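Please look over the sequence and the model below before reading on. The paragraphs that follow take up strands, charged pairs and helices in turn.

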Amino acid sequence: MKILVAVKRVVDYAVKVRVKPDRTAVDTASAKMSMNPFCEIAVEEALRLREAGAAAEVVAATVGPAASADTLRTALAMGADRAVHVLHDPDPARPLLPLAVAKILRALAIQENPGLFILGKQAIDDDCNQTGQMLAGLLNWPQGTFASKVIVDKEKQTATVEREVDGGIETICLDLPAVITTDLRLNQPRYATLPNIMKAKSKVIKKVTPAELNVDIRSDMEVVQVDEPPKRKAGVILSSVDELLDKLKNEARVL
Amino acid sequence: MQRWLPALLRRAAGAGGGSPARRSLASCSSLLFDDTQEQFKESVHRFAQEHIAPHAAAIDASNYFPKEVNLWKLMGDFNLHGLTSPEEYGGLGLGYMYHCIAMEEISRASGSVGLSYGAHSNLCINQLVRNGSPAQKEKYLPKLISGEHVGALAMSEPNSGSDVVSMKCKAEKVDGGYVINGNKMWCTNGPSAQTLVVYAKTDITAGSKGITAFIIEKGMPGFSTAQKLDKLGMRGSDTCELVFENCFVPHENVLGEEGKGVYVMMSGLDLERLVLAAGPIGLMQACLDVVLPYVRQREQFGRPIGEFQFVQGKMADMYTSLQSSR
């Protein structure tokens, strides 16, 4: 079985971002970029499944500009066998939306025919949490999102997924092929050790364009303005219940 | 151990031309490193920040190399000890640039751990690699490279520092080997090392030509370590005095040739200076890591102090010093 893993190049989680002075986008010009943390967990899970014998090959894929090749190289250095780079230069005014990414990934899935497609549950730059679900819908595959545990049964060709949902943990069983999105507690991603980094240099990264995949990625949405969230105002300590009632009635006007 | 590093990979590592990806101001080093080295630096940085940095404050306060976590083994698992050692003993057979990168990132997390790491991986391991016989390398390198054993090197004495050739530690030739008598001072990793490279005079009258290098093992009768030093800086990088009282060392433990120890020592020092120089670079980088966010956040007179010209001048000086030192 082949496992396809989608990874995204995002601003590093430790960077404190700011909005550009012209308020058109977040300033990423000099920000450190890394693989989305949830995507790292996705790569790690795919590698563990391969090491356990449930899969034979792990293929990493990304959609992004030339610099996204760095992210693929990280996936290869962690242990992925090969990678696919769908080239796309971002336009901050018309960003690539989850639906477009899902369409691209669907095209890759049809080409590669994997038994599992694993993605991070969301990207830390846009926090959409949509791509995995949309991909499953487009492919008409079952989905196990927010996975905190994945067990694959090779004979039965099923995946048992424990999902972290608001009410607790839900366990579902999916027929393969299926889409899984990863949550934080699924695993602890491995480091790329130097021998693996060197090994990765000879692994293949195939380059394609959305046009070659017959996918129309025109965005229906246009970003008009980006602002920082308003600064949190300091709280007020009140001296009595009467004062609280007065403020709720006259200032906040909720009573 | 992995055996997949043909010359091909060394060529690939040497070929430059990384992608022109933008890096954050605090760690702009893409002019110096190729892609692989950049990736390696990033990887060691993450490893050091997650595994070494959390212990740094406690190490400094207690003056103890951490006992609750085996950092030597962790670093060994990360292939950090044998960067310049041959693959057949578990090393990676790479150049000193990689060693410097590792030294910088480990020191960035904890200066003490960095110093001990440098002494272990360069002063001891690399000297064995460069001067050891196949039998000696086979015997000592694998455990040192895996992190199971700790290495050290001793040349200075209480009265021989800069003038190290004036050392008085004697090695008298006897049947089957030598008997060593004397003291060594300021030996990094001395308290915990299983394998030590020690220089002694086999011929007191011959000056520099009378020095021989020996491989000493912990537990050899007559060899003991004395008080651990309570240092002002690099606390936790265990340093102590070595005491030799009629310590018998067999012939096969001579490193290099009798009387040729000074070549072992001086040529080793050249490389030691190179690798350990990356330690202060890591410390400078760590300072910037702390200072840059702080000047944006600390406010006085109604503004972040980073907006004041003098502070900006200081930061520019810090950055320039760091980058030119690189």
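Does Arg218(A) count as buried or exposed? In this predicted model, Arg218(A) has a relative accessibility of 67% and therefore counts as exposed, since the cut-off for that class is over 50%. The side chain of Arg218(A) meets that of Asp216(A) in a salt bridge, with 2.9 Å from N to O. Asp216(A), at 44% relative accessibility, counts as partly exposed, because values between 20% and 50% fall into that class.

Side chains of opposite charge can pair when their charged atoms come close. Over all chains, the structure holds 36 salt bridges. One of them is formed by the side chains of Asp126(A) and Lys8(A), at 3.2 Å from N to O. This pair links distant parts of the chain, for Asp126(A) belongs to the loop between strand S6 (116–120) and helix H4 (131–139) of chain A, while Lys8(A) belongs to the loop between strand S1 (2–6) and strand S2 (9–11) of chain A, and the two are 118 residues apart. Asp126(A) counts as partly exposed at 35% relative accessibility, and Lys8(A) is likewise partly exposed, with a relative accessible area of 28%.

A further salt bridge brings together the side chains of Asp227(A) and Arg23(A), at 2.7 Å from N to O. Here too the pair links distant parts of the chain: Asp227(A) lies in the loop between strand S11 (205–208) and helix H6 (241–250) of chain A, Arg23(A) in the loop between S2 and strand S3 (33–35) of chain A, and 204 residues separate them. With a relative accessibility of 41%, Asp227(A) counts as partly exposed, and Arg23(A), with a relative accessible area of 40%, is partly exposed as well.

S7(A) and S8(A) form a hairpin with four residues between them, and in the turn Gln157(A) has a positive phi of about 55 degrees. S8(A) is also joined, by eight bridges, to strand S9 (residues 168–175) of chain A, and these two strands run antiparallel. Arg163(A) finds its bridge partner in Glu170(A) of S9(A), and the hairpin that joins S8(A) to S9(A) passes through two residues.

Two packed helices are described by the angle between their axes and the distance between the axes. The axes of helix H6 (residues 111–131) and helix H7 (residues 134–146) of chain B come within 10 Å and cross at roughly 155 degrees. An angle over 145 degrees counts as roughly antiparallel, and H6(B) and H7(B) are therefore roughly antiparallel to each other. In this arrangement, H6(B) passes H7(B) in a left-handed crossing.

Chain B also carries an annotated span. According to the UniProt record, an unreviewed entry, the annotation "domain: Acyl-CoA oxidase/dehydrogenase middle" covers residues 152–247 of chain B. In the model, this span is 0% helix and 51% strand, and the C-alpha atoms at the ends of residues 152–247 of chain B lie 17 Å apart.

Methods
Residues numbered from 1 in each chain as written. Chains lettered and ligands numbered in written order. Predicted model: local features only at pLDDT ≥ 70, side-chain atom pairs only at ≥ 80, totals over all residues. Heavy atoms only, no water. UniProt positions renumbered as here; feature names shortened; annotations may be inferred. Pairing = 2+ DSSP bridges. Salt bridge = Lys/Arg side-chain N within 4 Å of Asp/Glu carboxyl O. Buried < 20%, exposed > 50% of the residue type's maximum accessible area, 1.4 Å probe, protein only. Axes fitted to C-alpha atoms, helices over the stretch in contact; angles between N-to-C directions. Parallel < 35°, antiparallel > 145°, perpendicular 65-115°, else oblique. Left-handed = near helix turned anticlockwise from the far one by under 90°.
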